[in-house]
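Subject: Structure for you to look at

Hello,

Here is the structure I said I would pass on. Please open it and keep it beside this email while you read the notes below.

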Amino acid sequence: MHSYLFEEAVDVSSFQSIMDVTFWGSVYPTYYALPHLKRSGGKVVVNSSVSAWLPMPRLAIYNAAEAALLNLFDTLRVEVGNSVGITIATPGWVESEITRGKFVSAEGEHVTMPDLRDVTVGPVPVTYAEECAKAIFSGTVRGARYVRVPSWYGVTLLYRIFAPELIEWTYRLLFVSPAPGTQVPAAKLIMDVPGAKEILYPSSIVHPQKTE
């Protein structure tokens, strides 16, 4: 996953690798497995992201790849009917290397920068990986069409449909525009408040050296 504004990109060749992993990495296995899945009545579990329908700033290419993934499997669900079950998981921020600060920079290099994480993730709660896995497993067993983790992300769909300007204004305020008197977005200032990370992030992210 990258973390930079679209116009800041220096190495545009990195765009392709993001699409390769995020989109094509699911397309090809599904294509070759589909005949067997139809014969066996199998299921496809798609690990997408809330970014597929709630795109966040600094992640333009990643958002596009996730949106493509979501639309591909929504289309496939229509094409295969009931012969193959399809569950699309769209988790938000989850405990991972990314939420520990590992990103692709504007130069196309892999970097680990917790400060960059604070600007990109900001004051959005991060879910424990185990909780996310349990929710996806439970939804798959139930035959759910979609699994949103955490479930409150479903509310943002209403804002996305009926008040998109509010979403855009909030994102610009938190993640794009420098806060008054500073050179960093408000998200970074919020996460620099003592105790903010302990409240919003899992301990493995806040204190990774204690969990390794």
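A term first: two strands count as paired if DSSP finds at least two bridges between them. Please also keep in mind that this is a predicted model.

The sheet

β1 and strand β2, which covers residues 85-91, pair in the parallel sense over 5 bridges. In general, strands of a sheet pair through backbone hydrogen bonds, and the pairing is either parallel or antiparallel.

The sheet is open and has 3 strands in the order β1-β2-β5, with parallel pairing. The edges are taken by β1 (43-47) and β5 (146-149); each has a single partner strand, so one side of each has no neighbour in the sheet. On average, neighbouring strands of this sheet are turned by 15 degrees against each other, direction ignored.

The helices across the sheet

Helix α2 (residues 60-80) lies across β1, β2 and β5 and runs at about 160 degrees to β2. Helix α4 (residues 129-142) also lies across β1, β2 and β5, and runs at about 160 degrees to β5.

The surface

Which residues form a nonpolar patch on the surface? They are V155, Y159, L166, W169 and L173, with about 490 Å² of accessible area together. The elements that give two or more residues to this patch are α5 (153-162) and α6 (164-176). α6 gives the most, with 3 residues. W169 is found in helix α6. W169 counts as exposed because its relative accessible area is 51%, and the cut-off for exposed is over 50%.

Regards

Technical notes: Residues are numbered from 1 along each chain as its sequence is written. This is a predicted model: local features need pLDDT of at least 70, side-chain atom pairs count only at pLDDT 80 or more; totals for chains, interfaces and linings use all residues. Side-chain values use heavy atoms; hydrogens and water are left out. Helices (H or I, at least four residues) and strands (E, at least two) are DSSP runs, numbered from the N terminus. Axes are lines fitted to C-alpha atoms, for helices over the stretch in contact, and angles run from 0 to 180 degrees between N-to-C directions. Contact means heavy atoms within 4.5 Å. Patches are made of residues with over 30% relative accessible area and no salt bridge: like charges are joined within 9 Å, nonpolar side chains (Val, Leu, Ile, Met, Phe, Trp, Tyr) within 5 Å. Accessible areas come from the Shrake-Rupley method with a 1.4 Å probe; for residues, only the protein chains shown count as cover. A salt bridge is a side-chain nitrogen of Lys or Arg within 4 Å of a carboxyl oxygen of Asp or Glu. Buried means under 20% relative accessible area, exposed over 50%, partly exposed in between (1.4 Å probe, protein chains only).
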